[in-house]
Amino acid sequence: MLMSKVLRIENLRVAIEGKEILRGVDLTIKQGEVHALMGPNGSGKSTLSYALMGHPNYEVTGGSVTIDGEDVLGMEPDERAKAGVFLAFQYPTAIPGVTVANFLRHAVTNVRNPERKEGQDLIPMRDFRKEMRQEMDELGMDHEFARRYLNEGFSGGEKKRAEILQLAMLRPAFAVLDETDSGLDIDAVRIVSEGVNRVSAKHSTGVLVITHYERILTYIKPQFVHILFGGQIVEEGGPELVKQLEAEGYDWIRAKYPEAARLAAELEASQQDQGVGV
Amino acid sequence: MATDLNLQVAGIKDEYKYGFRDSDDNYAFKSGKGLTKAVVEQISEMKNEPAWMREFRLKGLETFLKKPTPTWGGDLSELNFDDIRYFMKATDRQGRTWDDVPAEIKNTFDKLGIPEAERKFLAGVGAQYESEVVYHSLREDLQAKGVIFTDTDTAVRDYPDLVREYLGTIIPIGDNKFAALNSAVWSGGSFVYIPAGVKVDIPLQAYFRINAENMGQFERTLILVEEGAQVHYVEGCTAPMYSSESLHSAVVEIVVKKGGRCRYTTIQNWANNIYNLVTKRAVAHEDALMEWVDGNLGSKLTMKYPAVYMVGPGARGEILSIAFAGKGQHQDAGGKVVHAAPHTSSRIISKSISKNGGRASYRGLLKVTDGAKGSKSNVVCDALILDPASRSDTYPYIEIDEDDVKIGHEASVSKIGEEQLFYLRSRGLSEAEASTLIVSGFIEPLVKELPMEYAVEMNKLIQLQMEGSVG
């Protein structure tokens, strides 16, 4: 049996343009586990996902991230992908002129053969195409989709499905889904969620679902729920925590953690000024 | 296009791959440096030309000497006309088979892959080495249909009436300083004649190779497409790297008669010490279609604006231009379309990429003359700038003397986005791979217009240009 990997985030501190957003986050995810990270706007959820993937604008000011003890923070984003980390973006970027298939074949080749040198062969077209079509069928996607330019002119639902298609093809050890449910209707949420569950079951992927709605969590059922607020995880528990949020909203959190509430309000305001997510 | 960039570039090093050179010690003839009346007369004499052609050359020389060096485009101040050899003949023979070509020269074209391409997917090949064409072939079935594909020197001897009727009519001697220079010292180039109704379904290719240092190459190409005929002509060009500059200054004149179609594809990959100053112009008659597909990757400075003059009703002109400006390079490229008849339509699509301090300029002219009613034109130019040291400019000139027209013009400049790079890198692509993918996507709308073999070649060249650009 394969050893199951452990992603460990310890006391992680992250700043954007000198402003500290995450103020010491601890989170441990084992392969095969499903975690939900919830919290109101401005609590730092997207910052955590970008920092995990190594976005250059997110400066780590303290703490560590490791996979089985190996340092992740020193890795380039592509090395992290090869180490088994995947981020399903909230706002996937369009790459005009590059087809989904061409891009994905490069990505799959690199991630599955981390030792491959540039210029060496890509995975065989025939195998790749067959596998991609199977995954597309599972996600209810037209095969024509593979020939479209990546995320260009995609609807919200198409973008998210494309992210899950990538997830399915890249078979990561750990997947972070950053607000994958946002902008989706209920059917799309279900299809996307089923895709995540299938991948997770097949490849024992550890999943971190970031969301501020409960809806997606009725499909992707978390064993562990964490509430991020003011840049720190303030509450942890099981599925009952989701129920509590559903019933009571975030007000009790704000009341319980006034200092974090002040920081969150400040961040939300600056986020609206700059039009960027934290 | 979903070609596999990585596969194509296996084994490619990050130097200019075509930079090898042969010795020029055993050349049949080398002119001294500099341009004089004696040099022009000597060229004409060596070619055994009729008096009219000698006069044409001398008029070219006179015009060249009178005209000032243009200052409106790229920097020509370091171009020293006295330091150039205007005529160099590597061999006395021209081959009809590659075995007839001197071994050293054949070897060069082998390295460039020309004989192999000829076997695989070309209808005819012309290969020019320095001033003269050393090899020429045309598929026999096309010869039987009356298609002519030969070098222009041979055409002056064998088809003097056709050459005399058209040469210098599309691009007059006095059109510009470099057209005048070419008229004075031209040598080689292709002469193509497609009889009425004949459709040449696979491309004819000419390949131009400069080998010696301080060489001037001045080929002159004339393409005549008769009514309802069709041809695709492709040219490629390379040269070795030297410490001092060489000059390539071609003139290409094309006539496409009623209902005819001509596509002219260039993949210019000169070494980065070549001044590439070329005049290309086509006249499209009634319902004719002229397409220029112009890829400029090499050279120190390129100034080239392929033109289509639409002189018959319903004529169409298309110009697709890709320019890649790397370190020390200035690509001043674009296109000109002139609507001189009713219901003519044109499209210019230009894509430029600049990196490592390179400069890419789009320079274009759109002109609609009075009476060209119902004409349509659309111009799109997009620039991609890879780093802050690089530069892109747009110089669109528009002259409309007719009210009943539909004109569109769009221009965009973008930088490779940090978010695009991050997105691709988060999927396991290295920074270099991600940049290359973004650039190949940027030019994809043009590359997909190329025949498969050239699309592969173009992607390969882009990959080569991209290497070492990051990290």
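The legends below describe several close-up views of a predicted model.

Residues are numbered from 1 along each chain as its sequence is written, while chains are lettered from A and ligands numbered from 1 in the order in which they are written. Because the model is predicted, local features need pLDDT of at least 70 and side-chain atom pairs count only at pLDDT 80 or more, whereas totals for chains, interfaces and linings use all residues.

**View 1. Chain B as a whole.**
Chain B holds twelve helices and 24 strands (DSSP runs numbered from the N terminus: helices are H or I with at least four residues, strands are E with at least two). Its C-alpha atoms fill a box of roughly 65 × 55 × 45 Å along the principal axes. Of the 471 residues in chain B, 56% are buried (20 or more other C-beta atoms within 10 Å of the residue's own, with C-beta atoms placed from the backbone).

**View 2. The open sheet of chain B.**
Ten strands of chain B form an open sheet with mixed pairing, in the order 4-3-7-10-13-15-18-20-22-24 (two strands pair if DSSP finds at least two bridges between them). Strand 4 (132-138) and strand 24 (405-415) of chain B are at the edges with a single partner strand each, so one side of each has no neighbour in the sheet. Within the sheet, strand 10 (residues 230-238) and strand 13 (residues 261-268) of chain B run parallel and are joined by eight bridges. Gln230(B) has Arg261(B) as its bridge partner in strand 13 of chain B.

**View 3. Two domains of chain B.**
Chain B is divided into domain 1 (1-20 + 429-471) and domain 2 (21-428), with bounds from an automatic or database domain assignment. The C-alpha centres of domain 1 and domain 2 of chain B are 23 Å apart. In this view, 25 residues of domain 1 of chain B are in contact with 35 residues of domain 2 of chain B (C-beta atoms, placed from the backbone, within 7 Å). Helix 11 of chain B gives the largest share of the domain 1 side, nine residues.

**View 4. Where chain A meets chain B.**
The contact takes 30 residues from chain A and 26 residues from chain B. On the chain A side, helix 3 of chain A supplies the largest share, seven residues.

Key:
Two residues are in contact if their C-beta atoms, placed from the backbone, lie within 7 Å. A residue is buried if 20 or more other C-beta atoms lie within 10 Å of its own, exposed if 12 or fewer, and partly exposed in between; C-beta atoms are placed from the backbone.
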